[in-house]
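Me: I would like to learn how to read a structure like this one, feature by feature. Please show it to me before we start.

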Amino acid sequence: MAVDADYGSVSPAEPDEADHPTPDKNRLFLRLFLQNQRRLYAYVLTLLPNRADADDVLQETSLTMWDKFDATEPPTEFLAWARRVAYHKVLDFNKKSNRAQARLSQIFLKRIAETAAGQADALKLDERRDALATCIEKLPGTDRDLLTRRFADGATTQSTSEQVGRSVDAVYKALAKVREALMQCVQKTLTQEGRA
């Protein structure tokens with residue numbers, strides 16, 4: 001796949017292939033796009049805080065990505081490729097726009113884009129935190145109560161064991177089981193939502 005510096009584009013496809021994409025291209029592109037859509041949209045929103053503008057740019061970005069996607073050699077870093085395409089679509093949008101806030105210098109916009117890309121790990125943490133909160137709500141009441149007691153300000157395993165009338169060893173084992181259940185639930189939740 002020949003990649004150009006601006007969009008990570010591929011060489012023009014045969015007319016037949018462009019007009020009638022293969023089912024493999026459909027499935028692969030759709031899966032990769034849906035896995036990364038929220039992060040890509042968050043990235044575009046950092047560059048264009050107006051949601052309507054961001055929606056338009058995301059749509060243009062997805063169309064360009066679809067046109068340039070090669071299922072035989074998909075990008076190894078799909079999200080990075082998608083961000084490059086989106087960045088250039090934002091530049092195009094700003095050139096066409098007559099609004100004052102759209103007249104940001106390209107250097108400033110590039111720095112914002114780099115910072116937003118660097119915050120991807122923080123976004124993953126937010127997603128994990130949301131999944132954890134959901135998983136805690138799914139725990140049986142006794143397990144939630146045990147967690148609440150153990151992680152209350154100033155609580156220790158010893159004080160928790162006294163409160164629940166169980167040995168320290170039993171509390172340790174119960175907390176280990178709850179921790180394992182939460183880890184599995186978070187991983188399953190993120191996998192089902194395509195964010196793992």
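Me: Which residue does the disulfide join to Cys 135?

Reply: A disulfide is called where a pair of cysteine sulfur atoms lies within 2.5 Å. Here Cys 135 is joined to Cys 185, with 2.1 Å from S to S. The whole structure holds 1 disulfide. Its two cysteines sit in helix α6 (residues 120–138) and helix α9 (residues 168–192), so the link ties together parts that are 50 residues apart in sequence. The angle about the S-S bond is -85 degrees, which makes the link left-handed.

Me: What kind of model is this, and how are the residues numbered?

Reply: This is a predicted model, in which residues are numbered from 1 along each chain as its sequence is written. Local features need pLDDT of at least 70 and side-chain atom pairs count only at pLDDT 80 or more, while totals for chains, interfaces and linings use all residues; side-chain values use heavy atoms, with hydrogens and water left out.

Me: How many helices and how many strands does the protein have?

Reply: Elements are DSSP runs numbered from the N terminus: helices are H or I runs of at least four residues, and strands are E runs of at least two. By that rule the protein has 9 helices and 0 strands.

Me: Are Cys 135 and Cys 185 buried or exposed?

Reply: Burial is read from relative accessible area: under 20% is buried, over 50% is exposed, and anything in between is partly exposed (1.4 Å probe, protein chains only). Cys 135 and Cys 185 are both buried. Across the 196 residues of the protein, 35% count as buried.

Me: How many aromatic pairs does the structure have?

Reply: Rings of Phe, Tyr and Trp (its six-membered ring) pair if their centres lie within 6.5 Å; planes under 30 degrees apart are stacked, over 60 edge-to-face, and the rest tilted. A search of the whole structure gives 7 aromatic pairs. In one of them, Phe 29 and Phe 33 are stacked, at 5.8 Å centre to centre and 15 degrees between the planes. These two residues are 4 residues apart in helix α2 (residues 23–47), which means that about one helical turn separates them.

Me: How is Phe 29 paired with Trp 66?

Reply: Phe 29 and Trp 66 form an edge-to-face pair, 5.3 Å centre to centre with 70 degrees between the planes. Phe 29 belongs to helix α2 and Trp 66 to helix α3 (residues 51–68), so this pair ties together parts 37 residues apart in sequence. Phe 29 counts as buried because its relative accessibility is 7%, whereas Trp 66, at 23%, counts as partly exposed.

Me: Which residues touch the most other members of the largest nonpolar core?

Reply: In soluble globular proteins, nonpolar side chains tend to be buried together. A nonpolar core is a set of buried Ala, Val, Leu, Ile, Met, Phe, Trp, Tyr and Cys residues joined through side-chain atoms within 4.5 Å. The largest one has 24 residues, and those touching the most other members are Phe 29, Phe 33, Leu 40, Met 65, Phe 69, Phe 78 and Trp 81. Helices α2, α3 and α4 (78–96) each give two or more residues to this core. A second, separate core has 13 residues, among them Leu 139, Leu 147, Ala 174 and Val 186.

Me: Which residues is Val 44 in contact with, leaving aside neighbours within four places in sequence?

Reply: Contact means heavy atoms within 4.5 Å. With those neighbours left aside, Val 44 is in contact with Ala 54, Val 57 and Ala 86. Val 44 is in helix α2 and has 0% relative accessibility, so it counts as buried.

Me: Which residues of helix α7 are buried?

Reply: In helix α7 (residues 141–150), the buried residues are Leu 146, Leu 147 and Arg 150. Viewed down the helix axis they fall within an arc of 95 degrees, so they line one face of α7; the arc is taken from the directions from the helix axis to the C-beta atoms. Their cover includes α8 (157–164) and α9.
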